Amino acid sequence: MKRSRTAAGGEVAGDGGPLSARQLTALVVARATSCAGFFAVLPYLGLWLVDSRGLTGADAGLVVGAAILANRAGGVLLVPLIHRLGLKASVGAGYLGAAVAFAVLGAGLRLPAYGWLVLAALAGLSLAMATTAMKAQVAAFPPDQRLRGFSYLNMAVNAGSAVGPVIGGALLEWHAGWLPLAAAVLDLVALAAVPALPGAWRASEPARQAAADDGGDGGEKGQGRARWLPQRPFVAFSLLVCGTWVAYAQVFDVLPAYLGDAISTRDLGLVFTLNAVLVVALQVPVSALSRRVLSRPHAGFGLLCTAANVILAAAVLLFAFGRTGGLGLILAAMVLFTLSELVWSPLYDAQVSERRGKLSTTAAYALAGVAWGAAESAGAWLGTLLVVRPGEAGVLSPAAAPYWGAAALALLTGLAMSWSGRRRTPDTPLSGHERNSRSHGNSHSHENSHDDSHDVDMPARP
């Protein structure tokens, strides 16, 4: 197989071959089962700690917060370790660590509040490690295959997040003590799929040396430090995308509080189930259409981002009318929201790799995760703060303000990403699809050839 040697000493695929069915199956199984385990526990963790372990509401809230924070932002702390272990071993270690943490949670121990907090944080950190490494694995595929890989990951996340709460709710009523143990078993299933993932179990020696540089004096000519210093295109992209995540938070984090008693709990569950079902059913064909748009010679990325954020803004505005519009309007809004998510979620993940510059792949995904997690958390906090205030239920009431603001943010994000997709600066990398459309002798593509490099040993096929 033809390979290209990277600056960090790793190797990446050079044949541009398609992802194998075995790889895709392993990615989907590992991601879906691990998400199912996490979401089987997370929605009920606070209640379980209070009812089964005797914690106060305040202490249980801290434990739940620690799990969420570690899961969303903990990957950035583990990048040097991921570099040393290699991506495949890091995915396996993450799932094994999560299984152990959940097993200890369900072992019937009586711990002080800080003990539960440490265990919950360890579970979140372990899953963050596996997720960061898995995204870097997908990013190491040929550029025209990355969007496909991230599309399957998005489908797996939605499937797992839909099934997990059902499992957790049933166990909470049937045998509450088994709740964390179910998550441990699901993480072991994910671990069993790891051998079928691409790549070697151990990092190459040059990649280990690069990891040592990260933890030392920066390596020769500061290369180690460069792997941790984001460049302007990556920072601009990561911050612009935050507008989309703030709008996302108004649906998945704030909507139940906003709707209140306007619809029943059963109907609200139907709304979120619709999202999961549509993602599983439509992600593959929508991503195929997205890849065709991206193959356009000009402005394919900008067109997709603009369309996705305009649809997202329309969906958020429809949700603002949800208190008075009835279930039908809310379901229509969720359909629009899901169509938008089918485009932007895998597209943004793929673009992290395209725009990372000199950052290592794992560092890029970890840093992007911190920025987007912070944006979602801020949007959820501000939205909840406003929608729970007593007052009128009208669409122009202060409670609906987060939805109007989120719609405006989504529109601005779409316009900004459209502009950035058309405008090229000397330090802005070409997308993988644009590079593939250029001839191999193009000097501009040659100057930016480092953007195809990855810091890991990753064949295109197992």
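This is a predicted model: local features need pLDDT of at least 70, side-chain atom pairs count only at pLDDT 80 or more; totals for chains, interfaces and linings use all residues.

Trainee: Is Ser 287 buried or exposed?

Mentor: Ser 287 is buried, because its relative accessible area is 2%, and the cut-off for that class is under 20%.

Trainee: Which residues does Ser 287 touch, leaving out those up to four places away in sequence?

Mentor: With those left out, Ser 287 touches Leu 147 and Ser 151, and also Leu 342 and Pro 346.

Trainee: How do the axes of H12 and H13 cross?

Mentor: The axis of H12 and that of helix H13, residues 300–320, come within 7 Å of each other and cross at roughly 135°, so H12 is oblique to H13. An angle has to be over 145 degrees to count as roughly antiparallel.

Trainee: And which residues meet there?

Mentor: From H12 there are Ser 290, Val 293 and Leu 294, and these meet Gly 300, Phe 301, Leu 303 and Leu 304 of H13.

Trainee: Switching topic, where is Gln 231?

Mentor: Gln 231 is placed in the loop that links helix H9, residues 223–226, with helix H10, residues 232–252. Gln 231 counts as partly exposed because its relative accessibility is 32%.

Trainee: What does Gln 231 touch, beyond residues up to four places away in sequence?

Mentor: Gln 231 touches Arg 356, Gly 357 and Lys 358. As for Arg 355, the C-alpha to C-alpha distance from Gln 231 is 8.8 Å, although the two are 124 residues apart in sequence.

Trainee: What about the surface, which residues make the nonpolar patch?

Mentor: Leu 62, Leu 117, Val 118 and Leu 122 make a nonpolar surface patch of about 330 Å². Helix H5, residues 113–139, gives the largest share of that patch, with 3 residues, while Leu 62 is found in helix H2, residues 57–73. Leu 62 counts as exposed because its relative accessibility is 53%, and the class begins over 50%.

Trainee: And zooming out, what does the chain as a whole look like?

Mentor: The secondary structure comes to 19 helices and 2 strands, and 55% of the 462 residues count as buried. Among contacts with a separation of 6 or more, 82% come from residues 24 or more positions apart. The chain exposes about 19100 Å², of which carbon and sulfur atoms supply 65%.

Technical notes: Residues are numbered from 1 along each chain as its sequence is written. Side-chain values use heavy atoms; hydrogens and water are left out. Helices (H or I, at least four residues) and strands (E, at least two) are DSSP runs, numbered from the N terminus. Buried means under 20% relative accessible area, exposed over 50%, partly exposed in between (1.4 Å probe, protein chains only). Contact means heavy atoms within 4.5 Å. Accessible areas come from the Shrake-Rupley method with a 1.4 Å probe; for residues, only the protein chains shown count as cover. Patches are made of residues with over 30% relative accessible area and no salt bridge: like charges are joined within 9 Å, nonpolar side chains (Val, Leu, Ile, Met, Phe, Trp, Tyr) within 5 Å. A salt bridge is a side-chain nitrogen of Lys or Arg within 4 Å of a carboxyl oxygen of Asp or Glu. Axes are lines fitted to C-alpha atoms, for helices over the stretch in contact, and angles run from 0 to 180 degrees between N-to-C directions. Angles under 35 degrees count as roughly parallel, over 145 as roughly antiparallel, 65 to 115 as roughly perpendicular and the rest as oblique.
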